[in-house]
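The sequence and the structure are shown first.

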Amino acid sequence: MKPAVFLLMLCFVSASAEQQCNHSPSDWCSSWEIAKACQVEEQCLEYYTRKEHKLSQEPAVQIELYYEGLCPACRQFLSRQLFPTWLMLADIMNITLVPYGNAEEKNVSGKWEFDCQHGPDECFINTVETCLMFQLKDILSYFPIIFCMEVSTNIKKSLEPCLAVFEPDLSAKEVLGCVNGDLGNKLMHQNAQRTAALNPPHKYVPWIVVNGKHNDSLEAEAQSALFHLVCDLYTGPKPDACSGEGVTPLKRDSLCLA
């Protein structure tokens, strides 16, 4: 399992450090010698300090995202609001990802068939991301891969290179075995049921549920400034990150209507 700090390193470690470091990101905090060679001593110390001293016993802010893998507004929210906010506030928020959105399902001879808003490629991506969540279990492991896929220019071909960076022990073949088999079919049916059970029913995606609630105000605030929303809603002592500017607010993009 790789901590979120590794992703921060990937984004912010200088080019000179990359040239001197001959170790993969998953090994950067495995020993002090490697941390020094890769110039990430401060980040590794911060990670282990945060791991040993949890901020509070107060309930984390719950964020549920109902989305589609190829919906432009979903991809923008996930990559430019949800993922960066999670990197900075992972200690005070829990995330649930449900890729399905405006798809429709029907039972054909005992097997579920799905019709996705953006076509068969979207059904494939939705199932890939669902299988990743099932196989890896821990959000620290699967969310970086999903982020990597969602920001790729060719998302359908992104699974293997994203796995190579963030989870090299899991092969694309294993994931595709789930995607193309009965397990992937069953998991997508569960996503369909979960989406259909939303109250109020979803009218578009991304559909964001905050602490079990959805309304127009919460949706708009989450899409434009999720970082500040999570900080405001957390009832325990605020982490240091909340005193900063956080993630740059975004204008609300076009929605993928149901």
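## Sheet, core and backbone

Strand S1 (residues 61-67) and strand S6 are joined by four bridges and run antiparallel. The model in which this pairing is found is a predicted one. Within the pairing, isoleucine 63 has valine 210 of S6 as its bridge partner.

These two strands belong to an open sheet of three strands, ordered S2-S1-S6, in which the pairing is mixed. Strand S2 (93-99) and strand S6 (207-210) stand at the edges with a single partner strand each, so one side of each has no neighbour in the sheet. On average, neighbouring strands of the sheet are turned by 15 degrees against each other, direction ignored.

Two helices lie across strands of this sheet. Helix H5 lies across S1, S2 and S6 and runs at about 155 degrees to S2. Helix H10 (residues 182-196) lies across S1 and S2, and its direction is about 110 degrees to that of S2.

**Nonpolar core.** The largest nonpolar core holds 56 residues, and those touching the most other members are Leu82, Leu97, Leu132 and Phe143. Helix H5 (residues 72-89) supplies the largest share of this core, with nine residues. In soluble globular proteins, nonpolar side chains tend to be buried together. For leucine 132, once neighbours within four places in sequence are set aside, the contacts are Lys137, Tyr142, Ile145, Ile146, Met149, Leu159, Leu163, Leu170 and Val175.

Six aromatic pairs are found in the whole structure. One of them joins phenylalanine 83 and phenylalanine 143 edge-to-face, at 5.1 Å centre to centre and with 85 degrees between the planes. Because phenylalanine 83 lies in helix H5 and phenylalanine 143 in helix H7 (residues 139-150), this pair ties together parts that are 60 residues apart in sequence. Phenylalanine 83 is buried, with a relative accessible area of 3%, and phenylalanine 143 is buried as well, at 0%. Both rings belong to one aromatic cluster formed by Phe83, Trp86, Phe143 and Phe147.

Lysine side chains also lie over aromatic rings. The charged end of lysine 137, a residue in contact with leucine 132, sits over the ring of phenylalanine 134 at 3.8 Å from its centre. Lysine 156 lies over the face of phenylalanine 124, 5.9 Å from the ring centre.

**Backbone geometry.** Most residues other than glycine have a negative phi, and most peptide bonds are trans.

Proline 200 lies in the loop between H10 and strand S5 (204-205), and proline 206 is in the loop between S5 and S6. Serine 109 occupies the loop between strand S3 (104-108) and strand S4 (111-115); serine 109 is exposed, with a relative accessible area of 79%. Asparagine 211 is found in the loop between S6 and helix H11 (216-233); asparagine 211 is partly exposed, with a relative accessible area of 38%.

Technical notes
Residues are numbered from 1 along each chain as its sequence is written. This is a predicted model: local features need pLDDT of at least 70, side-chain atom pairs count only at pLDDT 80 or more; totals for chains, interfaces and linings use all residues. Side-chain values use heavy atoms; hydrogens and water are left out. A nonpolar core is a set of buried Ala, Val, Leu, Ile, Met, Phe, Trp, Tyr and Cys residues joined through side-chain atoms within 4.5 Å. Buried means under 20% relative accessible area, exposed over 50%, partly exposed in between (1.4 Å probe, protein chains only). Contact means heavy atoms within 4.5 Å. Rings of Phe, Tyr and Trp (its six-membered ring) pair if their centres lie within 6.5 Å; planes under 30 degrees apart count as stacked, over 60 as edge-to-face and the rest as tilted. A charge sits over a ring if NZ of Lys or CZ of Arg is within 6 Å of the ring centre and within 35 degrees of the ring normal. Two strands pair if DSSP finds at least two bridges between them. Axes are lines fitted to C-alpha atoms, for helices over the stretch in contact, and angles run from 0 to 180 degrees between N-to-C directions.
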